[in-house]
Amino acid sequence: MTHPESIQALLTADDAGDRISGINQLRKIDPAVAFQMIQPAINDANVRVRYAAVSQLASLGLQDRHHALHLLRDRLLNDPELDVQAAAADSLGALKLTEAYDDLEKLYHSTSEWLIHVSIVAALSEMGEPRAFELLCTALSSENELVRTVAIGALGEFGDHRAIPLLIPYANSDDWQVRYRVVQALSRLDSPDVRATLEHLSHDPMESVAQEAKAYLNSGS
């Protein structure tokens, strides 16, 4: 049995690896206790420790969503490391903390870092915040291919039919992974244009794309 006392000893150890081990072991104890114990690590001097702690708030933050919002917002806006900022966006999305939408939108527009953009778009997809539609449209025109691809998936998750004419042109992408993501996104929407596009993609030269489109068409959706 893992005891909080032994984990606390790891969390306060001099070695960063030990502190990370302590963070990982918090999964084995009462989440309410773990949530209290993890908080100092969120501001640890070591970036790997902060990353591990912020990432684990995606689940432990359920113990106190309001306080988790405060902790994650601080790391999102103030951490000097991109990885930690991205992890904060991921955790905000996992916790569906829509209260952070304005912060996510502001950060998206104030940075050119693709990693941050990807994490924010993915977080907004999980949140389902209606105000995010315009930002996802902006992401769809990003110069970074990964950002565009994640935005395609996010627009599908939203289920907003305004996305249909924005998504359909990507059915002709040279990248089969983009076409595959378009199939998944359009399968969450429905219109004559969607069905026509999926009919076209059901004959895609990449078998995985064609099979995904056929699966939707055969589902009777």
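Tutor: Let's start with charge: the chain has 18 positive side chains (Lys and Arg) and 32 negative ones (Asp and Glu), with His and the chain ends not counted. The centres of the two sets lie 2 Å apart, placing each charge at NZ of Lys, CZ of Arg, CG of Asp or CD of Glu. This is a predicted model, where local features need pLDDT of at least 70 and side-chain atom pairs count only at 80 or more, while totals for chains, interfaces and linings use all residues. Residues are numbered from 1 along each chain as its sequence is written, and side-chain values use heavy atoms, leaving out hydrogens and water.

The chain has 14 helices and zero strands; these are DSSP runs, H or I of at least four residues for helices and E of at least two for strands, numbered from the N terminus.

Now for our part, helix H10, residues 145–158. Buried residues in H10 (under 20% relative accessible area; exposed is over 50%, partly exposed in between; 1.4 Å probe, protein chains only) include Val147, Val150, Ile152 and Leu155. Gly153 and Gly156 are buried too. Their cover, counted by contact (heavy atoms within 4.5 Å), includes helices H7 (101–110), H8 (114–127), H9 (133–140), H11 (164–167) and H12 (176–186). Across the chain, 48% of the 221 residues count as buried.

Key:
Expected span 1.5 Å × (residues − 1).
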